[in-house]
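Colleague: I would like to learn how to read a model like this one. Please take me through it feature by feature.

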Amino acid sequence: METPPEMHFARAEDGVTIGYQVFGQGPVLVWMPSLSNILAQWRIPAMRATYTALARNLTVVLYDGRGMGSSDRRIDLADLGVEAHLRDLRAVLDTAGLRKASLLGYYHAVATAIAFSAREPERVDRLVLFGGAPRMSEAMRPAQTQALLSLVEQDWGLFADAAAAAWLGWDSAPSGRWTAAAFRTATTAPVAKAWFEAAQHIDVTGELGRVRAPALVLHRQNEQQIPVEVFQRLAGSLPDARLVELPGTTPTLFMEDSANDVRLVTDFVTGAGTGAQTPPTTDFVTGGGAGAQTHPTTDFETGGRAGAQTHPTTDFETGTGADAETHPTTDFVTAAQAGAQAPPTPAAGLPPGSPAARLTPRELEVLGRLAVGDANLEIARRLGIAVHTVERHLGNIYRKIGARGRTDAVAYALHRMPETRHPG
């Protein structure tokens, strides 16, 4: 697709306006949101390719949750629990004229997809779940996630940059920049903070047994992310589910092995994957059910659809637009200014030969504080050293790990160092 599909708008029962798109052909898959700006996501080459690939065999519905992207930003920050997210989903389905659809619950939306499937089983064909958990606090427990969330209030721009790099991988600079722009323009720091705080209290484990739709639970995480045991419990608690452990270490769908991810999701939603052979690199773990069963043809009305309202011109922020927040100039001492030092003893617990293994214990402490958003003055205060000493350590850190500045160093700490914890 050369241009993003037209934006439509639905109104939830509490008056909140939700922006959504409908495109493609075939059974309906609703890709439910987490931190999203669907218009900005079309600028990410990997995401555009994914949308195009899915649309060949599926009718794809994308929408921004309340407070996000093109949806209403004027929301009640105290009302962001699962009931609010269910109102958003119902509004999109009803306005688009979709009586039944498959749901892709992605990260934050996993719990919402489960709750909707349990409460309105006649409206859900199939479930694809990735990256989240029925008890959302489990999904937010890993040290890397906690470190990222600590940046939300302290520095929204740094959070967006670090999250994009950590979730996409160290070497994904072009897509990382576009993804960071999508995160940065998705919402504001206060709304994101409220979303994440509300998520800590979302728990739909009691509804798992009432889900009737066949479910495909996908897992691709490294050791810093959600343990596979969380997804094994999820698949085992659903009446008809299977868990697929995807190869790779980047905690995303459609980025690291896009063709295989698209094929898995498409085959499952269309029913073509019921008897499909397991890909050689994929480990299947059977859930509580007997495996996915062929489901009758999805009963839905195509989008465009009676009651769907079109919007003449979509107003959105771009990553480089006039309203986009700029990040202050990074304050650090270059490697040349810091001067070379004698090679330190390799840090305990780190792989020999890795860049981080060349860091001294004090440099590891500084990097850990950097990863949770501390400014140079705050690092100095917490570690009991002078600010110029912090700057010298930062210069050495940047040189040793090949970082161009503060954002790269934060991303490195979050993505490459399993021993990095969320310090108090």
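Modeller: Helices (H or I, at least four residues) and strands (E, at least two) are DSSP runs, numbered from the N terminus. The protein chain has 16 helices and ten strands. This is a predicted model: local features need pLDDT of at least 70, side-chain atom pairs count only at pLDDT 80 or more, and totals for chains, interfaces and linings use all residues. Residues are numbered from 1 along each chain as its sequence is written, and side-chain values use heavy atoms, with hydrogens and water left out.

Colleague: What share of the 424 residues in the protein chain is buried?

Modeller: Buried means under 20% relative accessible area, exposed over 50%, and partly exposed in between (1.4 Å probe, protein chains only). Buried residues make up 59% of the 424. As for contacts, the term means heavy atoms within 4.5 Å. Of the contacts in the chain with a separation of 6 or more, 75% join residues 24 or more positions apart.

Colleague: Which residues have the most contacts inside the largest nonpolar core?

Modeller: In soluble globular proteins, nonpolar side chains tend to be buried together. A nonpolar core is a set of buried Ala, Val, Leu, Ile, Met, Phe, Trp, Tyr and Cys residues joined through side-chain atoms within 4.5 Å. Here the largest one has 99 residues, and those with the most contacts inside it are Val30, Leu103, Leu129, Phe159 and Leu238. Helix H9 (residues 189-199) gives this core its largest share, eight residues. A second, separate core of 35 residues includes Leu58, Val60, Val128 and Val244. Leaving aside neighbours within four places in sequence, Val30 is in contact with Val61, Tyr63, Leu89, Leu93, Ala101, Ser102, Leu103 and Leu104.

Colleague: How many residues of H3 are buried?

Modeller: Eleven of the 14, so H3 is largely enclosed by the rest of the structure. Among them are Leu86, Leu89 and Leu93, along with His85, Arg87 and Asp88. For length, the expected span of a helix is 1.5 Å times one less than its number of residues. The 14 residues of H3 (residues 82-95) should span 20 Å, and the end C-alpha atoms are 20 Å apart, which agrees. Just after H3, Gly97 takes a positive phi of about 75°.

Colleague: Which residues other than glycine have a positive phi?

Modeller: Most residues other than glycine have a negative phi. Tyr107 has a phi near 50°, and Phe254 one of about 70°. Tyr107 sits in the loop between strand E5 (101-106) and helix H4 (110-119), and counts as buried at 18% relative accessibility. Phe254 is in the loop between strand E8 (241-245) and H11; its relative accessible area is 1%, so Phe254 is buried.

Colleague: At what angle do the axes of H2 and H11 cross, and which residues meet?

Modeller: Axes are lines fitted to C-alpha atoms, for helices over the stretch in contact, and angles run from 0 to 180 degrees between N-to-C directions. The axes of H2 (residues 45-55) and H11 (residues 258-270) come within 10 Å and cross at roughly 35°. Thr50, Ala53 and Leu54 in H2 meet Ser258, Val262, Val265 and Thr266 in H11.

Colleague: Which residues are in contact with Val366, leaving aside its neighbours within four places in sequence?

Modeller: They are Ile379, Leu383, His393, Leu394 and Ile397. Val366 lies in helix H13 (residues 361-371) and counts as buried at 0% relative accessibility.
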